[in-house]
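Hi there,

Here is the structure I promised to pass on, with my notes below it. Have a look at it first, and then read on.

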Amino acid sequence: MNANMKIDSTKISLIIISPLIILVIVGIIYCTAPGRATLAHGIEYYDSGNARKAYEIFLRYAEKKEPIAMYYLGAMYYDGIHVSRDRKKAFFWFQEAAKRGEPRSQHNVSIFYFEGDGVLKDDGLSLTWLKRAAENNLPAAQLDLSASYISGDLGESNVKAGMEILKKMAPESSIAQARLGTLYLEGKFCQQNIQRGLYFLSSAAKSGAPHAKAILGHYFYEGKFLEKDLELGKELLLEAAIKDKDDFAFELLKAIVERHKKEREDTQVKKESEDTQVKKEPEK
């Protein structure tokens, strides 16, 4: 044996590591192959914009009665993502997912029945599915159920229950705070309480809720429930409309602009009328 011979440790490590690398590569190919991709892969593809792959995965899992996959298929048919927009197919998949307890689908089925979009309008079924979604702790459904109870739009009026839902949600939801604030201030569905209303509305606005900023801005601008402050009112309305892109704030600003325009026009007409009258008067 040659005493000067050196062992090439690099070659030995490559010999040992190479099988591991091969196993990893095979594993990646195996897991990401169309037949082996998981539902999580489908959601990743959907979120990243790879609709074709997402659809293939969702369809395969939906055929296995997986409710989350059914929900995403419904969403794709509703919005026309990778497939033609089809309200009936969207409703079919949402309903299949809803039957299996998927809360977002339950909420969507409720909306379909409320609007009569692709199905016959049915307020009773709309309320039934809305309750199920709310019971499954979907915040959007809980807010809609509260609104339904307070307004009675779905045939079941229960202001107390609607208010209780908002109170329970308020510590974690600026939307619930804003709605409570408006209800207490307006006093239409409950006993008016201006102090409590301003507390909830201000809390929501401080949390960054655009709708709350818009309402508070409107009240400051008009001097309603608050001391009139045109600058602060305009600032809150502009922030909600431009920065937060809140549609309600845009509508309020539009109404203010149109009102001021009408006032200027009326003032101009009145002035022209007075000037004309002066000219007509005979000189003494």
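How do the residues of the lining of the second largest pocket divide into nonpolar, polar and charged? They divide into 5 nonpolar, 5 polar and 3 charged.

Before the rest, two notes on where the values come from. This is a predicted model, in which local features need pLDDT of at least 70 and side-chain atom pairs count only at pLDDT 80 or more, while totals for chains, interfaces and linings use all residues. Residues are numbered from 1 along each chain as its sequence is written, and side-chain values use heavy atoms, with hydrogens and water left out.

**Overall build**

The protein has 14 helices and 0 strands (DSSP runs numbered from the N terminus: H or I of at least four residues for helices, E of at least two for strands). Of its 284 residues, 35% count as buried (buried is under 20% relative accessible area, exposed over 50%, partly exposed in between, with a 1.4 Å probe and protein chains only). Taking contacts with a separation of 6 or more, 37% are between residues 24 or more positions apart; contact means heavy atoms within 4.5 Å.

**Pockets**

Rolling a probe the size of a water molecule over the atoms shows where empty space is left. A pocket here is an open set of points on a 1 Å grid over the protein atoms alone, where a 1.4 Å probe fits, with protein on both sides within 12 Å along at least five of seven lines; lining residues have an atom within 4 Å of a point. Grid points are joined across faces, edges and corners, and a volume is the space filled by probe spheres set on the points.

The second largest pocket, the one from the question, holds about 200 Å³ of space. Its lining has 13 residues, and F114, L130, D144, S148 and L154 lie nearest its centre. Helix α6 (103-115) gives the most to this lining, with 5 residues, and α7 (123-135) and α8 each supply at least two.

The largest pocket has a volume of about 450 Å³. It is lined by 19 residues, with A178, R179, T182, L183 and H211 nearest its centre. The lining comprises 12 nonpolar, 4 polar and 3 charged residues. At least two lining residues come from each of α8 (139-151), α10 (174-186) and α12 (210-222), and α10 has the largest share, 6 residues.

**Cores**

In soluble globular proteins, nonpolar side chains tend to be buried together. I took a nonpolar core as a set of buried Ala, Val, Leu, Ile, Met, Phe, Trp, Tyr and Cys residues joined through side-chain atoms within 4.5 Å. The largest has 29 residues, of which F58, F94 and V109 touch the most other members. Two or more of its residues come from each of α2 (39-48), α3 (51-62), α4 (67-79), α5 (87-99) and α6, and α4 gives the largest share, 8 residues. Apart from this core lies another, of 22 residues, including L127, L166, A176 and F200.

F94 touches Y71, G74, A75, Y78, S105, N108, V109 and F112, leaving out residues up to four places away in sequence. A98 sits in α5 and is buried, at 2% relative accessible area. Beyond four places in sequence, A98 is in contact with S105, Q106, V109 and W129.

**Helix α9**

In α9 (residues 159-169), G162, M163, I165, L166 and M169 are buried. These residues lie on the same side of α9 because they cover an arc of only 155° around the axis, the arc being that of the directions from the helix axis to the C-beta atoms. The buried residues pack against α8 and α10, while K160 and K168 are exposed on the other side.

**Two loop residues to look at**

K65, in the loop between α3 and α4, has a positive phi of about 70° although it is not a glycine. N137 also has a positive phi, near 65°; N137 is in the loop between α7 and α8 and is exposed, with a relative accessible area of 58%.

Best wishes

Definitions and conventions:
Nonpolar A, V, L, I, M, F, W, Y, C, P; charged D, E, K, R; others polar.
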